[in-house]
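This report is written for someone meeting the structure for the first time.

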Amino acid sequence: MKSITLLGATGSIGLRTLDLVSSFPEEFSVAGLAARGSNVERVADLCKKYSPRVVALLEADALDQLARLLPAPRPELLAGPEGLVALARDVKADIVVSALVGGAGLLPTMAAIQAGRTVALANKETLVMAGRLMTAAARARGVKLLPVDSEHSAIFQCLQGHNRSEVRRILLTASGGPFRTMKAQDLAQVTVAEALNHPTWRMGAKITVDSATLMNKGLEVIEARWLFDVAAEQVQVVVHPQSVIHSMVEYVDGSVIAQLGVPDMGIPILYALTYPRRLPCPADRLDLTRVGALTFEEPDVERLPCLALARRALLEGGCAPVILNAANEVAVAAFLDGRIRFTQIPELIAEALARVPARALDGIDTCVDVDTRTRALVREWLPGGVTAAAK
Ligand code: NAD
Ligand code: MG
């Protein structure tokens, strides 16, 4: 029986993880849960169903509401970003599933690694920000970082039983998002609803917009660089609209090994939870005769420049990926709030990369500092400036 601490319990990845806990009651139990307090009733339901020992919510006032909704004996309740860190660090668990969205996951995920806990990582933004520090900390503590992202789970599976030194390159597949075939001049007019209408995956709002801008693939190139210790040039992005091949590894002899499956995050989540074993995942099965053709094309980085911006930040190194990520988070939130156009997302990121001073990534404190400064600066550039953003 594996005990799980789940950071981001009420999200798309969090709820799918809990479905799997329900499907395999002999295999998994829940030690701790963390989420925002925006849906306290849902957190209360999850507590009743999964009986975690400890729960951490971002907002302290939501904790009082949660306490009122839960009969005794209650789980221990923690609040604030420090509460999330304490949950990841102090609650005994075999595996910490890191599924918060965005930079908010950085400190709790680092805390789990430093406490020596195996991490199943969905929260790619943390690796984008601090990949070098996180992978170094994981090596120092002998901690496994197991990928949950479907592409990285695919790559990880294609690497099993092979020599890392014989890898020539990684072929990272991308669905291309909802605007794959849209003309450049129409992109400025796309609505939030159109951006949230992903052709193959159902996910949280932020990653769905990232998929539409192709920033998600940019973040994933950086994620692959750190998880698999490959150079940026060794990661080729291939647009594959059917989302059947989740990624591939090419070896020096010319063999290309792929992992395929239906687009259901249950499969990579379960593999991270059971690695190196496999369990029969309650998901649809792939029927290739019904899928028909599998097609591949180059990503259009002229029309959707975020992928190129991410590569540029990775090559620049230091804190450039922190700036990229922070600017993207602020820009995506502003787009979702209807404050900027879709095409302003890459514009704001390019501006941030050009104007926020470059710094070496010499520690987590620097990372947090550059992240905070970039967010503040990009908020000032939004229409209406900081005051409107704070409303
Ligand atoms: P989501 O928005 O559906 O869920 C995010 C979760 O994090 C929620 O439980 C929310 O309450 C919590 N949260 C957000 N900010 C928080 C904060 N500051 N403090 C405490 N809790 C906070 O997001 P998601 O789609 O589940 O994605 C989670 C992560 O997994 C992201 O990094 C995403 O890129 C990655 N990922 C998601 C998918 C997917 O299919 N959804 C696939 C691959 C990777
Ligand atoms: Mg992915």
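How many nonpolar, polar and charged residues does the lining of the second largest pocket have? The lining has 11 nonpolar, 2 polar and 6 charged residues, where Ala, Val, Leu, Ile, Met, Phe, Trp, Tyr, Cys and Pro count as nonpolar, Asp, Glu, Lys and Arg as charged, and the others, Gly among them, as polar.

## Basis of the report

This is a predicted model, in which local features need pLDDT of at least 70 and side-chain atom pairs count only at pLDDT 80 or more, while totals for chains, interfaces and linings use all residues. Residues are numbered from 1 along each chain as its sequence is written, chains are lettered from A and ligands numbered from 1 in the order in which they are written, and side-chain values use heavy atoms, with hydrogens and water left out.

## The second largest pocket

The second largest pocket holds about 430 Å³ of space. Among the 19 residues that line this pocket, Leu145, Arg164, Trp226, Leu227 and Phe228 are the closest to its centre. A pocket is found on a 1 Å grid over the protein atoms alone, as an open set of points with protein on both sides within 12 Å along at least five of seven lines, whereas a cavity is a set of points where a 1.4 Å probe fits but cannot get out; lining residues have an atom within 4 Å of a point. Grid points are joined across faces, edges and corners, and a volume is the space filled by probe spheres set on the points.

Helix H6, strand S7 (145-147), helix H7 (150-159) and helix H10 (215-227) each supply at least two residues of the lining, and the largest share, 4 residues, comes from H6. Helices (H or I, at least four residues) and strands (E, at least two) are DSSP runs, numbered from the N terminus.

## Around ligand 1

The shell around ligand 1 has 23 residues, of which Thr10, Ser12, Ile13, Glu125 and Gly204 come nearest; a residue belongs here if one of its heavy atoms lies within 4 Å of the ligand. Helix H1 (12-23) and helix H6 (124-141) each supply at least two residues of this shell, which divides into 13 nonpolar, 6 polar and 4 charged residues.

Oxygen atoms of ligand 1 take part in polar contacts, that is, pairs of N or O atoms within 3.5 Å. A polar side-chain atom of Glu125 lies 2.6 Å from a ligand oxygen, a polar backbone atom of Gly11 is 3.0 Å from an oxygen of the ligand, and a backbone N or O atom of Gly8 lies 3.3 Å from one. Taken alone, ligand 1 exposes 830 Å², and the protein buries 90% of that, with areas from the Shrake-Rupley method and a 1.4 Å probe.

## The cavity

The structure holds 1 cavity of 30 Å³ or more, and about 60 Å³ of space lies in the largest cavity. Its lining includes Trp201, His246, Gln259 and Asp264; H7 and H11 are the elements that give two or more residues to this lining, with the largest share, 4 residues, coming from H7.

## A salt bridge and the backbone

Among the 21 salt bridges, each a side-chain nitrogen of Lys or Arg within 4 Å of a carboxyl oxygen of Asp or Glu, one joins Arg277 and Glu27 (3.3 Å, N to O). Arg277 is in the loop between helix H11 (266-274) and helix H12 (288-291), and Glu27 is in the loop between H1 and strand S2 (28-35), 250 residues apart.

Most residues other than glycine have a negative phi, and most peptide bonds are trans. The bond from Ala72 to Pro73, however, is cis, with omega near -5°, and a cis peptide bond also joins Tyr275 and Pro276, with omega about 0°. Leu214, in the loop between helix H9 (205-213) and H10, has a positive phi near 75°.

Technical notes: A polar contact is a pair of N or O atoms within 3.5 Å; within protein, one must be able to donate a hydrogen and the other to accept it, and residues adjacent in sequence count only if both atoms are side-chain atoms.
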